[in-house]
Each structure stands twice: as structure tokens, then as C-alpha cells.
Amino acid sequence: GRHFNVVIAGGGAAGLATAASILRRRSGISVAIIEPSATHFYQPGWTLVGGGVFTAEQTKRPEEGLIPSGATWVRQAVAGFRPDRHEVALDDGATLSYDVLVVATGLTLDWRAIPGLEETLGRNGVTSNYRYDLAPYTWKLVRGLARGTALFTQPPMPIKCAGAPQKAMYLACDAWRRAGALKDMTVAFDTATPALFGVPAFVPPLMAYIERYGIELTLRSRLVAVDGDRRMATFERTTTEGTTRIERGFDMLHAVPPQVAPAVVATSPLAGADGFVAVDPATLRHTGFADVFALGDVAGTSNAKTAAAVRKQAPVVAVNVLATLDGKAPVATYDGYGACPLTVERGRIVLAEFGYGGKLEPTLPPWLLRGTQPTRLAWFLKERVMPPLYWHAMLRGHELMVAPRTNPGA
Ligand code: FAD
């Protein structure tokens, strides 16, 4: 098979940003990006598609134009990882060998884990902002409903952008409120998690919106089945008394599926106990194979799985990959930063930024972003600043405000 200095598995947010960052630091090395899809999606935009702010088309671009110059696009899927032989196997049967491997294949949406869901998606009022083709259907349903029951669900962690299930709901409620329909709607949020949000500081501002919109909130409640034709959802609810199953009818159901490591990763020697790639949380180097790194949603780290996390991880991995190529120890470290812009109403966002352990890590000073309170500035950042920052800075290896912390003594 062909040999590259660096092989990157996955050309999504993490793979592209890392390739660009590596090549900006050092040209002349061979870098392969293995990515089967001809289209790249800006997934953070899907919340705004479901909220009627962006069109779906605004969130996609051809992969070809995003591959950094100097990198080779291998348009295949990885079929197997063989880290003991420093090789990956491809779908077409070929193998690629590497000096350093970067795993960035993202995660898998496990729609099948909820019987009945997949076959009714896009029909019968069942939607999800977690799919490009369905986010416009969310907005269509919201616009079309003036009374009835709307259910929003969140699966157990880990999921990417843990705020996205409730973002969809707040934007829907705000649209109904503006149309004068909210008073005739029953809106419920069932989340499998034990709290509304994982970082306690953000719970009170979100609870204020739950109350303002009159949302029925049920914690530790998991969507376990959907009957699209009957418009019935089944939940499994856990309380101190035990677990009960309840059925609930709906006019609209916004469902978010459980999320797992891709099978090709979970069944490989790279997987930790949870199936995600076992890496050191600071250096993002594999805990067993010194020439393997992982970042983005596939990394087995406890940060919020977001593109915002990728923005900070990519330069760390780039620096450490180059150190590894030079026979040195990894020197750059990641502190777990991730960000979740919670769209609590059209025009206002609570920007949750935090690192490992839920430590608050605001980028902007509190007089600009008012801490955990919703602001118009944060909405402006989400609608107008983040998308160009993603396409033109992050994916191109221009690292604004993200000098990776390095420890020269390491
Ligand atoms: P992805 O971008 O998903 O890319 C993975 C790539 O790997 C894909 O291109 C895929 O085709 C490829 N791949 C898969 N399997 C293989 C294989 N076997 N071989 C080769 N390639 C493979 N983040 C934020 O920061 N802010 C937000 O507001 C936000 N909102 C979100 C809202 C929604 C509805 C969703 C779905 C996500 C949101 N995110 C948000 C999360 C963000 O999109 C992800 O965290 C980010 O895309 C992760 O990047 P990644 O490269 O790890 O995965």
C-alpha cells in the first residue's frame, strides 16, 4: 500500500482543521485525508435551519474545495485500523501505512436504537435537526402547527452538542409565542439525563425559559419507541420508585437518537471501554499506541463534543503530530474547552463555554457576554461570525485566539 507521513481518518470538521493546521506549520510532508463523502456539512448550522434562520444549502459545501492544498484526498472509508502494523485498511481493499495516524471519524447516530423511529422520520410529524435533510422539516412543522402537542427528546450522554435537543425546542416555542399559538400548544421535553444541562451554572437561565414557555420538563425519561402512523411515542421514565413506561400522543416529535462510536473504531484495538478512541485527555495521544492521535467527536474524552472543541483540539494535535514525527514527546495540551450556544429565543443566546470538569471558560469578558445570561451579541456571533470563522479560519488552519499551551520541558 501507499505510505504517508500523516494519515487522517475522516475529513469532517476535525480532520480538515487538523490537516490544515499541520500543513500550515510544516509543508513538504505527505498528508492523506481519508473521507468517503463528497459533501461537507456545517452541522452547527442545522439548529438555525430548524429555526427558520438558515437554509439547508447554506450549511453544505463540496469536500473538494475544503481539502487543504498539499493534502491528498483518498475518497474511501476506513474499513479497519491495524495500529500494530501502522496501517489502515480501506473499503476498496487497499491499505495505507503511516508514520502518524489521526482518527477523526466523528460519531454514529444510532437511529435504530429506537424502534419505529427511522422509518417515520420526515413523515407523521417526526423530525430531527440532527440530519441535514430533516432540519428543514422541523421548521415546516413549527410553522404549520397552531395547536396540539409537541414532544422534544434527548437521549443519554454522550451526544454531540448536548444543548441542541433543547435549542430546537426553544426556537419552536419562540416562533409559536410570536404567532400567538403557544398558549394552545402542549410542549414537553423528555431528557434521559439527570439534569437539564450538564454544567450547573447554566441550569437557572435555561429553567427560566422552560417556565416562560410553559414546557413540561421530565428528567431521566428516555424515548424508547415511536409509532409514526398512530403518532404515539413511548418513554421509559426512571424515578426513585422504579422505571415505568408511558405512551404519549403527539402532533410533532423532535427526536434525537443515541450516539455511539463508529463500529470500525469501536471494534478496533484503538477503542476504550466505551468504544471511543482511548486518548490522553490533555495531549490527545492514544494511551497505547504512541503514533496515534484522536480528536473531535470520536475521541474518548469528557469535553462537550462540539466544533468549538475541535477548534481548540486541532492545533494541539497538529503540534503533537509534528513532535511525534520528530521523535519527540507531545508538547501541546488541551484543557477540555467546548462551547454550546443555547438559542433560547430568536435573537438571543446563552453561550455556554466550559472545559473539563465543567469549569467555566468564557472567551469574552463578562461585561460583553454577561456570563450565563442570554445576549444579542452571542446570537450575532452564532448567526454571523461562527460560520465564516468555521469555513475560512478553522478549516484553513488560521488559528485565531487558540495558541496551544505547550510545555517545552516535556
Ligand atoms: P464530523 O464533522 O461529523 O466529521 C466526521 C467525518 O468522518 C465525516 O465527514 C464522515 O463522513 C467521516 N467518516 C465517518 N466514518 C468514516 C470512515 N470509516 N472512514 C473515513 N471517514 C469517515 N458544535 C458547536 O461547536 N456548536 C454548535 O452549536 C453545534 N451545534 C450542533 C447542532 C447539531 C444539530 C449537530 C448535529 C451538531 C452540532 N455541533 C455543534 C457539533 C459539531 O457539529 C461536531 O462536534 C463536529 O462536527 C465534530 O467534528 P468531527 O470532525 O469530529 O465529526
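View 1. Start with Lys 167: one of its polar side-chain atoms sits 3.0 Å from an oxygen atom of the ligand. Keep in mind that this whole model is predicted. Now look for Ala 307, where a polar backbone atom is 2.9 Å from an oxygen atom of the ligand. Val 78 uses its backbone too, with a polar atom there lying 2.8 Å from a nitrogen atom of the ligand. How much of the ligand's accessible area does the protein cover? On its own the ligand has 1000 Å² of accessible area, and the protein covers 89% of that.

**View 2. Here is the shell of residues around the ligand.** There are 32 residues around the ligand, and the ones that come nearest are Ala 14, Glu 35, Val 78, Asp 297 and Ala 308. Sorted by class, the shell has 17 nonpolar residues, along with 9 polar and 6 charged ones. Which element gives the largest share of the shell? That's helix 8, with 3 residues. The elements that give two or more residues are helix 1 (13–25), helix 5 (164–178), helix 8 (307–325) and strand 21 (338–345).

**View 3. Zoom out a bit, and two domains come into the picture.** Why does the ligand lie between the two domains? Both domain 1 and domain 2 give residues to the shell around the ligand, so the ligand lies between them.

View 4. On the domain 1 side, 18 residues are in contact with 15 residues of domain 2. For domain 1 and domain 2, the buried area is about 1400 Å², and carbon and sulfur atoms give 67% of it. Check out Trp 46, Thr 47 and Gly 50: they supply 38% of the area that domain 1 buries against domain 2, more than any other three residues.

**View 5. Two loops show backbone details worth a look.** In the loop between strand 11 (148–154) and helix 5 you'll find Pro 158. The peptide bond leading from Met 157 to Pro 158 is cis, with omega near 0°. For the other loop, go to the stretch between helix 3 (117–120) and strand 10 (126–127), where Asn 124 lies. Asn 124 isn't a glycine, yet it has a positive phi of about 55°.

Key:
Residues are numbered from 1 along each chain as its sequence is written. This is a predicted model: local features need pLDDT of at least 70, side-chain atom pairs count only at pLDDT 80 or more; totals for chains, interfaces and linings use all residues. Side-chain values use heavy atoms; hydrogens and water are left out. A residue is near a molecule or strand if one of its heavy atoms lies within 4 Å of it. A polar contact is a pair of N or O atoms within 3.5 Å; within protein, one must be able to donate a hydrogen and the other to accept it, and residues adjacent in sequence count only if both atoms are side-chain atoms. Accessible areas come from the Shrake-Rupley method with a 1.4 Å probe; for residues, only the protein chains shown count as cover. Helices (H or I, at least four residues) and strands (E, at least two) are DSSP runs, numbered from the N terminus. Ala, Val, Leu, Ile, Met, Phe, Trp, Tyr, Cys and Pro count as nonpolar, Asp, Glu, Lys and Arg as charged, and the others, Gly among them, as polar. Domain bounds come from an automatic or database domain assignment. Contact means heavy atoms within 4.5 Å. Buried area is the accessible area (1.4 Å probe) that two parts lose on being put together, summed over both.
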